[in-house]
Amino acid sequence: MVSKSKNEYEHKSVLLTESIDGLNIIPNGIYVDGTVGLGGHSEAIVQKLEFGKLFCFDLDKVAIRIAGERLKAYKDKIVLINDDYKNVNRYLVMNGVEEIDGIILDLGISSMQIDDASRGFSYMNDGHLDMRMDVGRDLTAFEVVNSYSYDDLVFLFRTYGEESYANRIAREIVRRREVKKIETTTELSNIICVSYPSKERKKGHPAKKVFQAIRIEVNNELRGLYEFICEIILKLKKGGRGVFITFHSLEDRIVKQALQYLAKDCICDVKTPVCICNKRSELRFVNKKPIIASVEELKMNPRAQSAKLRIIERT
Ligand SMILES: C[S@@+](CC[C@H](N)C(=O)[O-])C[C@H]1O[C@@H](n2cnc3c(N)ncnc32)[C@H](O)[C@@H]1O
């Protein structure tokens with residue numbers, strides 16, 4: 001495999017200043033970056049640490065290698081872990097950590113993953129249909145496209161892509177793959193484009209939603225996210241901060257609902273005269289509304305367009 005350094009990938013961390021300010025970093029604190037990517041947010045965090053520690057996770061071993069190179073000057077302060085952030089707790093326990101001072105999750109995929117055609121994430125670059133963040137896992141986009149039933153494809157495109165033309169696209173995929181397996185991102189993208197009504201083609205690339213849906217399925221992106229947020233917030237020390245960046249409505253809804261649940265005091269039925277649930281609020285929202293990228297940031301990084309940042313503090 002060709003080895004690229006971080007400089008060869010054009011990656012600008014999204015909402016960097018806002019998220020680092022949001023973490024309110026204390027120099028001796030323990031922090032978790034669940035999605036280290038190319039290490040942009042991690043670098044900004046570790047620069048503020050004195051005796052603190054930063055645990056960095058990524059499913060993608062290429063990301064871990066690039067982040068490791070970028071952060072090598074801080075190697076005493078970081079622990080790089082090539083695993084799912086949903087397993088954070090296991091590593092904290094192994095390192096004797098009971099509570100943390102902050103967590104950042106910058107969800108989705110990195111520019112490196114999109115821009116590297118061989119990873120098969122992008123409908124703009126021709127590559128084998130893969131889309132795995134963790135290349136050790138079995139399920140690839142090729143498997144999904146060529147082996148899921150018509151009904152499963154429709155369900156997938158509707159559920160994870162919110163795609164209105166799921167039926168038409170799934171029907172065309174099934175028709176084409178009976179003749180020849182669909183192998184590349186370009187083949188899939190062309191099939192989606194011809195399935196799309198021409199009047200709809202002006203509203204952004206027709207393949208965007210289906211590619212998102214397949215990527216979410218391949219990487220199991222949404223499963224367990226709600227539970228993870230509930231679990232990790234309880235690991236935060238009082239005053240500790242959680243910073244969450246989302247890029248599409250599905251993951252944003254899950255993050256928002258999990259945080260709103262944790263922020264609630266008492267979930268008893270309104271008709272119950274006295275609280276019997278004993279649920280107490282675990283956090284407060286630092287910002288009432290999610291923060292979005294400034295006009296200046298969008299000029300430099302159009303990929304920040306759909307980003308939403310939510311910051312909470314443990315109470
Ligand atoms: C948007 S990028 C992060 C960019 C990073 N904040 C930076 O500044 O360079 C998201 C990263 O999260 C990783 N990722 C996504 N889901 C993951 C999961 N469940 N566990 C660990 N890493 C994950 C992806 O492989 C990708 O590298």
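In what order do the 7 strands of the open sheet run? In this predicted model, the order is E3-E2-E1-E4-E5-E7-E6, and the pairing is mixed. Strand E3 (78-81) and E6 stand at the edges with a single partner strand each, so one side of each has no neighbour in the sheet. From one strand to the next, the twist averages 15°.

**The chain overall**

Let's step back for a moment. The chain holds 13 helices and 7 strands. Its radius of gyration is 21 Å, close to the 20 Å that the globule rule gives for 315 residues, so the chain is as compact as a globular protein of that length. Along the principal axes, the C-alpha trace spans about 60 × 60 × 40 Å. Of the 315 residues, 42% are buried. If you look at contacts between residues at least 6 apart in sequence, 66% of them join residues at least 24 apart.

**Strand pairs in the sheet**

| Strand pair | Sense and bridges | Residues facing each other |
|---|---|---|
| E4 and E5 | parallel, 6 bridges | aspartate 106 and isoleucine 245 |
| E5 and E7 | antiparallel, 6 bridges | glycine 242 and isoleucine 312 |
| E6 and E7 | antiparallel, 3 bridges | arginine 284 and glutamate 313 |

Is E7 largely enclosed or largely open? Strand E7 is largely enclosed by the rest of the structure, because 6 of its 7 residues are buried. In the strand order, E7 sits between E5 and E6. A point to keep in mind when viewing any such strand is that, in a regular strand, side chains alternate between the two faces of the sheet.

**Helix H11 and what covers it**

Which residues of helix H11 (residues 225-233) are buried? They are Leu225, Phe228, Ile229, Ile232 and Ile233. These five cover an arc of only 120° around the axis, which puts them on the same side of H11. The spacing makes sense: an α-helix has 3.6 residues a turn, so residues three or four places apart point the same way.

What covers the buried residues of H11? The cover includes two helices, H4 (88-94) and H12 (249-263). Strands contribute as well, among them E4 (100-106), E5 (236-246), E6 (283-285) and E7 (308-314).

Key. Residues numbered from 1 in each chain as written. Predicted model: local features only at pLDDT ≥ 70, side-chain atom pairs only at ≥ 80, totals over all residues. Buried ≥ 20, exposed ≤ 12 C-beta atoms within 10 Å, placed from the backbone. Helix = DSSP H or I, 4+ residues; strand = E, 2+ residues; numbered from the N terminus. Arc of directions from axis to C-beta. Contact = placed C-beta atoms within 7 Å. Pairing = 2+ DSSP bridges. Axes fitted to C-alpha atoms, helices over the stretch in contact; angles between N-to-C directions. Rg over C-alpha atoms; globule rule 2.2 N^0.38 Å.
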